[in-house]
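Biologist: I'd like to learn how to read a model like this one, feature by feature. Could you walk me through it?

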Amino acid sequence: MVLVAVFGVALLVAVLLSGLAARTVLSTSFLFLVGGALVSDGFLGLIHITPDSDIVAVTADLALFAVLFTDGMHVSFPALRSAWKNPARALGLGMPLAFVFMALVTHYLVGLDWTTSFLVGAVLAPTDPVFASAIVGRKEVPARLRQLLNVESGINDGLALPVVLLLIAAAGPAAGSAGSAAGSAEASASKIVLELALGLAFGVVLPLLVSGLVRFRLLGAEPKLQPLLPLATGVILYAACHLTHANPYLAAFSAGAVLASVSPESKHAFEPLGEALAELAKFAALLVFGALLTPRLFGDLPLGGYVAVILAIALIRPASLLLSLIGTHFDRREKLAAAWFGPKGFASVVYGLLVLQSGIPQAEQAYTLIAVCIAFSIIAHSSTDVPVARMFRVNDLVGIPDADEAEHHTEPQAKGTAHART
């Protein structure tokens, strides 16, 4: 109950300061992260949470599911068909480059074996612009830049997941002969493929089934209850995935996209409720994650690990995306802004916990590096989004129309934007 009280106080403070946060470098995400750290064993000792606590896995799992479900509902297939080249560059070239560069840095600076180093690279590859909502949620920021960050972050979580699971299987506890290890890895890979396929099937079939039921003459949702229809779909989907061991994250994103495509009215009815629920889930996960950021955790990371964290945020992501955007029509400011805003988010938190709970030989060292990198990323990106967004406002202040906005002002966004800065 202490944790509930702490969450309530943190939520009240965040709401009261949200107006100030929208105008300054302060962010509500940072408040929850710091709040969780302050009440943990490392400081005030009001709550006692460890990485293997059930509440850690549950809150991170629910938060990522909620975020991916609502993100999927904001996917516009017509927008993706008309402007897919830039996001495809970021996902097809920038993301693999960041993955490989991070693995190299991890191996040579932290000393992890190659498989675990590539695992760290895969965990830290996804991005989450919810920590940079002043960028993706402001009209003065060029539309194509907002779309690039939206589509990239909405899809790279799902792309990274199979790689993370396969590398966890490959890095499993070394026991038995090489032949038995290879057989175990093959069985794990087959299991992962089956879970992903089942998750995708659930994510496509369930929304289609619900949409078909609504069209029956005797059935239909009353207007005031219509927002609960996608919510009910999401709850059933979450339960079905966990009961059958289907992958819930791929199911969530695909279900949101399919539901929005076949039932736009449900999407519009659910949007306010969905965004609020996703925000609550994210704040709860941030509070719990913050409670894991104890002084001991930071003390366990060697100096080489801190160098790797700084390189991951300040060099690896920016360089990878800049390379992927060579030859595009982005101007220099847009490229630099896109390159900088690659914050590590809830997918990395959940995948990091999967690594910790996997039992692989270097799980704790990998998790420590991942956790510190996520914490530094949240602080760095959530405190720099407003100043960068204001940089694009110069065009409006001097009366110069942004060519990209003029060209794309009617273009629908690929993913929902935050109305309040988080």
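Modeller: Gladly! Let's begin with helix length: the expected span of a helix is 1.5 Å times one less than its number of residues. Keep in mind that this is a predicted model.

Biologist: How many residues does helix H3 have, and what distance does it reach from its first C-alpha to its last?

Modeller: Helix H3 covers residues 54–73, which makes 20 residues. From first C-alpha to last it reaches 29 Å, close to the expected 28 Å.

Biologist: Is H3 largely enclosed or exposed?

Modeller: Buried here means under 20% relative accessible area. In H3, 15 of the 20 residues are buried, so the rest of the structure largely encloses this helix.

Biologist: Now to charges. How many salt bridges are there?

Modeller: The general idea is that side chains of opposite charge can pair when their charged atoms come close. Here the count is three salt bridges. One of them joins Arg144 and Glu334, with 3.1 Å from N to O. This pair links distant parts of the chain, with Arg144 in helix H8 (residues 143–170) and Glu334 in helix H15 (residues 332–340), 190 residues apart.

Biologist: Are Arg144 and Glu334 buried or exposed?

Modeller: Arg144 is buried, at a relative accessible area of 17%, and Glu334 is buried too, at 1%.

Biologist: Which residue forms a salt bridge with Arg317?

Modeller: That is Glu152, and the closest N and O atoms are 2.5 Å apart. The pair also links distant parts of the chain: Arg317 sits in helix H14 (residues 303–324) and Glu152 in helix H8, 165 residues apart. Arg317 is buried at 7% relative accessibility, and Glu152 is buried at 3%.

Biologist: What about Glu279 and Lys282?

Modeller: They form a salt bridge as well, with the closest N and O atoms 2.7 Å apart. Both lie in helix H12 (residues 264–291), and because they are three residues apart, about one helical turn separates them. Glu279 is buried at 16%, as is Lys282 at 8%.

Biologist: And the nonpolar residues: how many are in the largest core?

Modeller: In soluble globular proteins, nonpolar side chains tend to be buried together. The largest nonpolar core here has 93 residues, and those with the most contacts inside it include Ile49, Leu64, Leu119 and Phe289. Helix H17 (residues 363–382) supplies the largest share, eleven residues.

Biologist: Which residues does Leu119 touch?

Modeller: Leaving aside residues up to four places away in sequence, Leu119 touches Val164, Leu167, Ile168, Val355 and Ile360. There is also a second, separate core of 15 residues, with Leu145, Leu325, Ala337 and Ala389 among them.

Notes: Residues numbered from 1 in each chain as written. Predicted model: local features only at pLDDT ≥ 70, side-chain atom pairs only at ≥ 80, totals over all residues. Heavy atoms only, no water. Helix = DSSP H or I, 4+ residues; strand = E, 2+ residues; numbered from the N terminus. Buried < 20%, exposed > 50% of the residue type's maximum accessible area, 1.4 Å probe, protein only. Salt bridge = Lys/Arg side-chain N within 4 Å of Asp/Glu carboxyl O. Core = buried A, V, L, I, M, F, W, Y, C linked by side-chain atoms within 4.5 Å. Contact = heavy atoms within 4.5 Å.
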